[in-house]
Amino acid sequence: MLRTIIFPAAVFLLVSMPANAQQPRNTLDPGAASNPASGTITGTLSYPSDHIPREIHICAEGVESKKIVCTNEHFTQTGKDARTTYRLQVEPGPYRVFSILPESSDFEPSSGLDYRAYYSEFVTCGSQASCPSHEPIVVEVPAGKTVERIDPNDWYAPN
């Protein structure tokens, strides 16, 4: 008699468990642990060479806070649309986005010693000699949203 009571109770507990308790969390998915209050900046990289150096960092500097967030994680896509992209998670707000190729292993993006290639009016104009301005563009990043096509590739701006 006791066996017939325990078995149905065990089945009831297994069936009534929440679905997320039965499935392991995928810790390899970069979006799995993302902060919903943050935003994301993505874009394509370029460099005036036959390749894009792995050492290039992509940084976003807060217009108001002056806080700099960087990544050097590149995503290389192959095939007919081969390109190298990046993804940078930041707090919501206005940013100036730039690529930087560190001159040394003591990389400190706020030092201003390394050349910065901004996402600028030159980039949005088509990166042609006839483009009149190299002015960095301020990118507004809303909470929970992704701002795409922010390509920090103005390697030709005067220093």
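Visitor: What makes Cys59 and Cys70 a disulfide?

Guide: In this predicted model, the sulfur atoms of Cys59 and Cys70 are 2.0 Å apart. A disulfide needs cysteine sulfur atoms within 2.5 Å, so the pair counts as one. The angle about the S-S bond is 105 degrees, and the link of Cys59 and Cys70 is right-handed. The pair links distant parts of the chain, with Cys59 in strand 2 and Cys70 in strand 3 (residues 68-71), 11 residues apart.

Visitor: Why is Cys59 called buried?

Guide: Cys59 has a relative accessible area of 0%. Buried means under 20%, so the label applies to Cys59.

Visitor: And why is Cys70 called partly exposed?

Guide: The relative accessibility of Cys70 is 29%.

Visitor: How many disulfides does a search of the whole structure find?

Guide: The search finds two. The other pair is Cys125 and Cys131, with sulfur atoms 2.2 Å apart. That value is within 2.5 Å, so Cys125 and Cys131 also form a disulfide. Counting bonded cysteines along the chain, the pattern is 1-2, 3-4.

Visitor: Why is the disulfide of Cys125 and Cys131 called left-handed?

Guide: The torsion about its S-S bond is about -95 degrees, so the disulfide of Cys125 and Cys131 is left-handed.

Visitor: Are Cys125 and Cys131 buried or partly exposed?

Guide: Cys125 has a relative accessible area of 39%, which lies between the limits of 20% and 50%, so Cys125 is partly exposed. Cys131 has 7%, which is under 20%, so Cys131 is buried.

Visitor: Why is His57 called buried?

Guide: His57 has a relative accessible area of 15%. The limit for buried is under 20%, so His57 counts as buried. His57 is found in strand 2 (residues 57-62). Leaving out residues up to four places away in sequence, His57 touches Cys70, Thr71, Asn72, Phe98, Ser99, Ile100, Pro102 and Phe107.

Visitor: Where does a polar atom of the His57 side chain lie relative to the backbone oxygen of Glu55?

Guide: The two atoms are 2.9 Å apart. The distance cut-off for a polar contact is 3.5 Å, and 2.9 Å is within it.

Visitor: What is noted about the phi of Lys66?

Guide: Lys66 has a positive phi of about 65 degrees although it is not a glycine. Lys66 is found in the loop between strand 2 and strand 3.

Visitor: What is the phi of Ser127?

Guide: Phi of Ser127 is near 55 degrees, a positive value in a residue other than glycine. Ser127 is in the loop between helix 3 (121-124) and strand 8 (138-141). With a relative accessible area of 36%, between 20% and 50%, Ser127 is partly exposed.

Visitor: Which secondary structure does the chain have?

Guide: The chain has three helices and nine strands. Along the sequence they follow the pattern α-α-β-β-β-β-β-β-β-α-β-β.

Visitor: How many of the 159 residues of the chain count as buried?

Guide: The share is 32%. The chain exposes about 10,600 Å², and carbon and sulfur atoms supply 54% of that area.

Terms used
Residues are numbered from 1 along each chain as its sequence is written. This is a predicted model: local features need pLDDT of at least 70, side-chain atom pairs count only at pLDDT 80 or more; totals for chains, interfaces and linings use all residues. Side-chain values use heavy atoms; hydrogens and water are left out. Helices (H or I, at least four residues) and strands (E, at least two) are DSSP runs, numbered from the N terminus. Buried means under 20% relative accessible area, exposed over 50%, partly exposed in between (1.4 Å probe, protein chains only). A polar contact is a pair of N or O atoms within 3.5 Å; within protein, one must be able to donate a hydrogen and the other to accept it, and residues adjacent in sequence count only if both atoms are side-chain atoms. Contact means heavy atoms within 4.5 Å. Accessible areas come from the Shrake-Rupley method with a 1.4 Å probe; for residues, only the protein chains shown count as cover.
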